Amino acid sequence: MMDYLKPFLFFICVHILCFASAILSDVLKTPFDYVDPMIGTNHMGHTFPGATMPFGMVQLSPDTDNPPFFLNDKYNPKVYEYCAGYQYSDETILGFSHTHFNGTGHSDLGDILIMPTVGEIQLDPGTAAEPEQGYRSRFSHNSEEAQPGYYKVKLSDYDIVAELTASRHVGFHRYTFPETNDAHIILDLDHSIYNYDGKVIWVFLRRENDTLITGYRQTKGWARTRYLYFAIEFSKPFSSYGLINQEKELYRGFWDRAVKQGENCPEIAGKKIKAYFNFDTTKDEQVKIKVAISSVSTEGALKNLHSEIPHWDFEKVREEAKSEWNRELSKIQIEASEKEKTIFYTALYHTLLNPVEYSDVDGGYRGLDQNIHNAENYTKYSIFSLWDTYRAQHPLLTILQPSRVADMIKSMLSHYDESAHKILPIWSFHSNEDWCMTGYHAIPVIADAYIKGIRGFDIEKAFKASVDSALYEKYSGLENYIKYGYVPFDLEFGQNSASKTLEYAYDDWTVANFAKAMGRNDIADQFFKRAQNYRNLYDESTKFIRAKDSKGNWLEPFDPLKTAGQGYIEGNALNYSLHIPQDIKGYTDLLGGEKNLEDMLDQIFTSETPEESYEESEDIDKRGVLGSYIHGNEPSHHIPYLYNWTGSPWKTQEIVRKIVTEMYSDETDGLPGNEDTGQMSAWYIFSALGFYPVCPGTDQYVIGAPQVKRAVINLSNGKTFEIVADGISESNKYIKSVSLNGKPLDRSYITHSEIMNGGKLTFILSDEPNKTWATQEKDHPYSMTE
């Protein structure tokens, strides 16, 4: 070969290898590789970027600021931005705490904040404007890396690289230090999300030896009586330490006489406890820390620690987290663009964070009665944001995680057993009922699972608990609801009487359907009648569901677009009037027929709602509003699918495409509202697959149109359900025809059993709507008045 050709051939070979490598890299990508935990961390998504496992109790994540809940004795709106402790727009990090909510609109947690530092010991966090006044550090997003089960960042002020991974009950830290005689680990047990002076009721901290610290913290926040026990183990002995109480104590007993408090004192207790642990480090030396948590005891925390991570191999734990995440995420495999895969798998990731596995490795957990119980033959779950998740996140789990669903129901039944009120959870977490939001939505979760054939829980107890909960008159206007057939606004605490009536009526229908399936027709008749209570608030003159007082007078003045002071929780009359999933046909008849329902839906999606109409609702933002449709909050999530009851299902196909492409993205602000423990993303997952559970408690999923080319659901029974979108493109968003297992499907829904039996759902898509597909009333999904 001539010498002058060699450089040319070398150049060609290098480029061929690079090209082949890039192709191979894409081919070898797994669902795990498409997840971007940064999506939702900016603005209102309220997600966290840190390390956690599927349904893990530990969410080890950075907190970037901690504004107080109260400012000048009033609610501080700034605190709302930090429901997950992290905002992408921030430039400093306070530290890394071990518990976080996934996308809620109110908050708590932020337990056991750890921060590595170098130099002078500082026990206060400082401020974002002057981080050098405290232990916080500046950072750059260029140094951040976030994957499921792993997080990394460089703390610029200290030249420390922080890495985090986790098992279910253990957070694992790895800090790479510079060479220094002044390396420290700061432990701030006064830090908390949604903090206020007095939130921390008590802290106990104890040095067991020069590598092990144990203790507990009791807080009074969103959860009124919450205990969290912990065990903190260091990979390297600390050379000295200090346990500090920053509280100004009026009474101190005889502690100062017996043992000198402060440096190297082996125990401390109080309300404002902080600690520091000192080390000498060589250049690039790694100090590792394992933090195990338990609701039961420090012994329980140690059992969790020794069972889940009995070694110091950080990479092994990281790989185990990656493997488990990939296994869970691979339950749905899709063909789509790279961007669509990132949005899809990040959404799926967000649906698999809650509820969390709350019981220890030995089954122990702290119950609602604050006693210690044992979850025999099941896993105890906690964090039930049921007002949000009954709609789509829990129905998604019935497909992907049926065995977990059975344990979640068992967990709800243990809540019922331990409750002083003897009812199912409303919005519960960490051994507490916090009574947030409205409705009794544990019932549709249980009824939905039962109707879909999920077993493995005490059915009779579940049925009794459902009926008892729906008859508990002390709960939130329920006595008046039963008496009047609606919740009168003049007898209601708060301003949510109309939405409460609608939610109670739907929940009542799920009781009725559960009772019917159980053969309890007496109960079924009672609750089918109650499920019609929405009619008592229908105003014929305005065609809306409206708030009414105990004398039958409408709440005035009336504004169907305003979200405050009209009788609806986080919504308005225009959107909430369609919150009758159990009886769409009945409401359609009240409106005067399908054409009037269609006109109402058209109005929602095409008319503009001025921002001042929802400016008083912090959970609603213009980014989540399309026309007058409020996708950024949950009560409206089923509305795009209601065109299937109007004879114009093509409009559902059109509007779902618009929401999917315009309201979800792969950017840090890529969510249209709060993630709400998986509900916002569950809507996306179902809609991308081509169907949605408009009415949980039936076995039906209402058809939209797929937003990905192909999807395969790998079911737990070993079967697969394949969805194919033949011809899908930017313009081809309308259904031309649908077939199920090769046979034409002319109805606008599929059933749970059709999915779980495995098979193939094929959509032929076109750029023109098929205005004859599934247009007849017989093709419509379920309605109570049929």
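Angles between helix axes are classed as roughly parallel under 35 degrees, roughly antiparallel over 145, roughly perpendicular from 65 to 115 and oblique for the rest, the axes being lines fitted to C-alpha atoms, for helices over the stretch in contact, with angles running from 0 to 180 degrees between N-to-C directions. The model is predicted, so that local features need pLDDT of at least 70 and side-chain atom pairs count only at pLDDT 80 or more, whereas totals for chains, interfaces and linings use all residues. Residues are numbered from 1 along each chain as its sequence is written, and side-chain values use heavy atoms, with hydrogens and water left out.

Helices (H or I, at least four residues) and strands (E, at least two) are DSSP runs numbered from the N terminus. Helix 8 (residues 393-400) packs against helix 19 (residues 679-689) at an angle of about 55°, their axes lying 8 Å apart, and the two helices are therefore oblique to each other. In this contact (heavy atoms within 4.5 Å), Q393, P395, L396 and I399 of helix 8 meet Q679, A682, I685 and F686 of helix 19.

Strand 37 (residues 720-726) is mostly covered, with 5 of its 7 residues buried, that is, under 20% relative accessible area with a 1.4 Å probe and protein chains only. Strands pair if DSSP finds at least two bridges between them. Strand 36 (residues 710-714) runs antiparallel to strand 37 and is joined to it by 5 bridges, with V724 in strand 37 as the bridge partner of R710. These two strands form a hairpin with 5 residues between them, and G718 in the turn has a positive phi of about 90°. Strand 37 is also joined by 6 bridges to strand 41 (residues 759-766), with which it runs parallel, and K760 in strand 41 is the bridge partner of E722.

Notes
Buried < 20%, exposed > 50% of the residue type's maximum accessible area, 1.4 Å probe, protein only.
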